[in-house]
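Please look at the sequence and the structure shown here. The report that follows goes through selected features in plain terms.

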Amino acid sequence: MTGGRSGQLTVIAALVGATLFWAGNYVVGAAAVEELSPVSLTALRWALAAVPLLVIAQVVERPDWRAAWRDWRRQLGLALLGMVGYAVLVYSALQHTSSVNASLVNALNPALIALLAAALARRAPNRRSVVGMLVGLAGVLVVLTGGRLDQLLGLRFNVGDLLMLGAILVWSLYTLGGRGSAAPPITGTAIQATLAAAVMVPFALAGQVHWPSTGSGTAALLFIAVFPSVGSYLLWNFALRRVPAGSAGVYLNLITVFTVLINAVLGYRIGVAQLVGGGLVLGGVLLVHRAPR
């Protein structure tokens, strides 16, 4: 990390805050998809989040918008990955699996980011990194199968857990791609949110986007639009400008920790397979990030 002790603490606080809000996205999102489709939830969250992000970018960064929008193709790619693709995959997963399971699979993300970063840099991962990735994969398989070998042999996985594997791949690509953006962090996030909302317009015109019909559904949507959408993405992209993607990725493990804690408070009982699988995933990530650079 750079910028002295105060700068380090600021970056750490940003990463912790981002992951806390994203944990809320898993818990609240699991409730929201009972009323809203993944497409509706994705379209509405970015339609609501885009305007506040644009205003915050103007007030805080006062960017040269013309220059910032010159990079719109790159920003569109990032929006399709991190704001549309990832969100649709996560909300689709939450229709079939618990928020705890989803967050446990998500815990494999830091190791995946580290290995993809090594691949992009054309550096072969060292032995400890490979072992760590295999341990993490073993943990994910324990979560996917509920610890039952017959499911592994029969390939009868929960479709929601498999969708989460796709989600973490998409998020890894978004994290690595966001490192080279020329736009200031808040401005880049605002542009991506605007493009994400624009991409979802055809779905709205086709009648696939609907506002929630209950007060609880509306409250869940507003929470997701404000905290995981505006708050988390601002904090995450702010941190990515100051630390390597692999270092920031380690903090994604906190999503699992916060999600489990929130669910525990709400009375959710954590199973043995989830504890064992989660321990393997986190142990694998630790091996990857303790490996020599």
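## A loop residue and the overall fold

Ser-213 is exposed, with a relative accessible area of 68%; exposed means over 50% relative accessible area, buried means under 20%, and partly exposed lies in between (1.4 Å probe, protein chains only). Ser-213 sits in the loop between H11 and H12. Its C-alpha is 9.1 Å in space from the C-alpha of Leu-36, although Ser-213 and Leu-36 are 177 residues apart in sequence.

The model is predicted: local features need pLDDT of at least 70 and side-chain atom pairs count only at pLDDT 80 or more, while totals for chains, interfaces and linings use all residues. Residues are numbered from 1 along each chain as its sequence is written, and side-chain values use heavy atoms, with hydrogens and water left out.

The protein chain has 15 helices and 0 strands. Helices (H or I, at least four residues) and strands (E, at least two) are DSSP runs, numbered from the N terminus. Of the 293 residues in the protein chain, 50% are buried. Among contacts between residues at least 6 apart in sequence, 89% join residues at least 24 apart; contact means heavy atoms within 4.5 Å.

Helix H10 has 15 residues, and 12 of them are buried, so H10 is mostly covered. The buried residues include Pro-185, Gly-188, Gln-192 and Ala-197. Among the elements that cover them are helix H2 (38-60), H4, H9 and H12. From first to last C-alpha, H10 reaches 21 Å, close to the 21 Å expected at 1.5 Å a residue; the expected span is 1.5 Å times one less than the number of residues.

Two packed helices are described by the angle between their axes and the distance between the axes. How do the axes of H4 and H10 cross? The axes of helix H4 (residues 72-94) and helix H10 (residues 185-199) come within 8 Å and cross at roughly 70°. That makes H4 roughly perpendicular to H10, a label for angles of 65 to 115 degrees (under 35 is roughly parallel, over 145 roughly antiparallel, and the rest oblique). Axes are lines fitted to C-alpha atoms, for helices over the stretch in contact, and angles run from 0 to 180 degrees between N-to-C directions.

On the H4 side, the residues that meet H10 include Trp-72, Leu-76 and Met-83, and on the H10 side they include Gly-188, Ile-191 and Val-199. The residues of this contact divide into 12 nonpolar, 4 polar and no charged. Ala, Val, Leu, Ile, Met, Phe, Trp, Tyr, Cys and Pro count as nonpolar, Asp, Glu, Lys and Arg as charged, and the others, Gly among them, as polar.

## Aromatic pairs

The whole structure holds 11 aromatic pairs. Rings of Phe, Tyr and Trp (its six-membered ring) pair if their centres lie within 6.5 Å; planes under 30 degrees apart count as stacked, over 60 as edge-to-face and the rest as tilted. Two of the pairs are listed below.

| Pair | Centre to centre | Angle between planes |
|---|---|---|
| Phe-21 and Phe-227 | 5.3 Å | 55° |
| Trp-171 and Trp-236 | 6.0 Å | 50° |

Phe-21 lies in helix H1 (residues 4-32) and Phe-227 in helix H12 (residues 215-240), so this pair ties together parts that are 206 residues apart in sequence. Phe-21 is partly exposed at 24% relative accessible area, and Phe-227 is partly exposed at 35%.

Trp-171 lies in helix H9 (residues 159-177) and Trp-236 in helix H12, so their pair ties together parts that are 65 residues apart in sequence. Trp-171 is buried at 2% relative accessible area, and Trp-236 is buried at 0%. Both belong to one aromatic cluster, which also includes Trp-22, Trp-46 and Tyr-86.
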